Amino acid sequence: MNRFSTLATVGVQQLVPYVPGKPAEELQRELNLAEVVKLASNENPLGTGVKVKAAIVAALPELTRYPDGSGFALKAALSTRWGVASEQITLGNGSSEILELVARTFVTPEHEVVFSQHAFALYPILTQAVGAQAVTVPARAYGHDLDAMLASITDKTRVVFIANPNNPTGTLLDCDAVQAFVAALPTNVVCVLDEAYYEFVDPALRCESLSWPLCYPNLIVARTFSKAYGIAGLRIGFGVSSPELADLLNRVRQPFNCNTLALVAAEAALGDSDYLAETLAVNHAGMAQLTAAFQSLGLRWIPSHGNFVAVEFEQAALPIYAALLKKGVIVRPVANYEMPKHLRVSIGTERENALFIQALTEVLQGA
Ligand SMILES: *Cc1c(COP(=O)(O)O)cnc(C)c1O
C-alpha cells in the first residue's frame, strides 16, 4: 500500500502504468545468455544511421547550452518535407508527448475521451491521468469501427484518438473513411490521428493526412522519429494541426521539451533517404519471412501495415512468451490489449527473425 496514494489526484490513484518491453540487457543479465533478440518495442533493427551519428557528434560541443526551444531548424525541415507551415507544427519528446499535451490542454475530469478497443495503450493511461472518462469502442475485426466511434460521441466528448495503422493490431483504415469521420466530428471534439507507423504503409494506401488540418482545424496528426527513422532512444516526434491548436499546445509544452541531440538527429534522419529506404526494404522482407513461418507453423496472424505483427495461438500466449524469454527472445504479450492469445512481434533483421522463428518452433514443439 502506497501511503501517499490518497494525496494523488483521483485519476492518478487508479492509474495502471504502461509496461514497456523488457530491456535486452536485463534478460541477458538474468539468464546469463550469450545473445538476446529483442523484438518487443517496434524499434528499428538497423541501428543508428550514419547521418544521425554525424549530426550528434557535431552537436556534442553545444551541450552546455539549452536547446533551441522553438525547434526552428527542425520545423523548417519538416515544413519543407511535408508542405506544412512551421506554425502548424508542435515538436514533442516523442509523439507520446504530443498525445499527452492534447490530453492536458483539452481534457478535464468532466470530459470523455473516445478510442477503440485494442488501440494503443497510452490512450487509456493519458485519459486516466487527467481523471477523465475513457470510452472504449468495441473493435471490428481488430480494427477501429469508425461508425461506432462516431456514434459514441456525446456532449461530454472532448478528444478522440485514432491510431492508423494501429498498434498492436497493425490494422489500417481507408483514407476516405478517416477523412469522412473527421469531417463528421463536432468541431468541439479534438481528433488525434496517431500515425506512428505512417512510413511503413504501402505508398498507395497512405493518406494525405498532413494536408487535412487546414480543412479540419480540430484535427491534429501525430508522427514520430522513433520507428522508421530509428531514433527511439532520443525521444522526438511532432504534431501537425491548425496554427490555433498548435498555439494552445505550445502554452502547455515545457519550453525545452526536445533536447539538442534529438533536434539535430531528427533533422539528419529526415534527410537520410537511404536509411529510410533500407528500413522499409528490411521491414518488407522481414514481414514476409515471419508470416511465411507462421503459415508453416499453422498459426494465424493479423495482416499488419506496421513494423510488427500480432500472431495468434490456440491457447493463452503468456506461457509461450515466457518460454521464448528463456531462449533469449523478447516479444510482447498483449493481454493488456484484450488479446490474451496473441503476441506482438516486431520485425527484426533477417537473422533476428530467423532466431525468433527457430525459438518459436522449438517452443511449440515442446523442446
Ligand atoms: C510507438 C508509438 C507512438 C509514439 O512513440 P514515441 O516514441 O513516443 O514517438 C505513438 N503511437 C503509437 C501507436 C505507437 O505505437
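In the predicted model, the side chain of Asn167 places an N or O atom 2.8 Å from an oxygen atom of the ligand, a polar contact being a pair of N or O atoms within 3.5 Å. A ligand oxygen atom also lies 3.2 Å from an N or O atom in the side chain of Lys227. For Ser95, a polar backbone atom is 2.7 Å from an oxygen atom of the ligand. The residues around the ligand (a heavy atom within 4 Å) include Gly94, Ser96, Phe120, Asp194 and Arg235.

This is a predicted model, in which local features need pLDDT of at least 70 and side-chain atom pairs count only at pLDDT 80 or more, while totals for chains, interfaces and linings use all residues. Residues are numbered from 1 along each chain as its sequence is written, and side-chain values use heavy atoms, with hydrogens and water left out.

Helices are DSSP runs of H or I with at least four residues, numbered from the N terminus. The axes of H12 (residues 318–326) and H13 (residues 350–364) come within 10 Å and cross at roughly 120°; axes are lines fitted to C-alpha atoms over the stretch in contact, with angles from 0 to 180 degrees between N-to-C directions. H12 and H13 are therefore oblique to each other, the class left after angles under 35 degrees (roughly parallel), over 145 (roughly antiparallel) and 65 to 115 (roughly perpendicular). From H12, Ile320, Ala323 and Leu324 meet Phe356, Ala359, Leu360, Val363 and Leu364 of H13, contact meaning heavy atoms within 4.5 Å.

Note on methods
Helix = DSSP H or I, 4+ residues; strand = E, 2+ residues; numbered from the N terminus. Polar contact = N/O pair within 3.5 Å; in protein donor to acceptor, adjacent residues only side chain to side chain.
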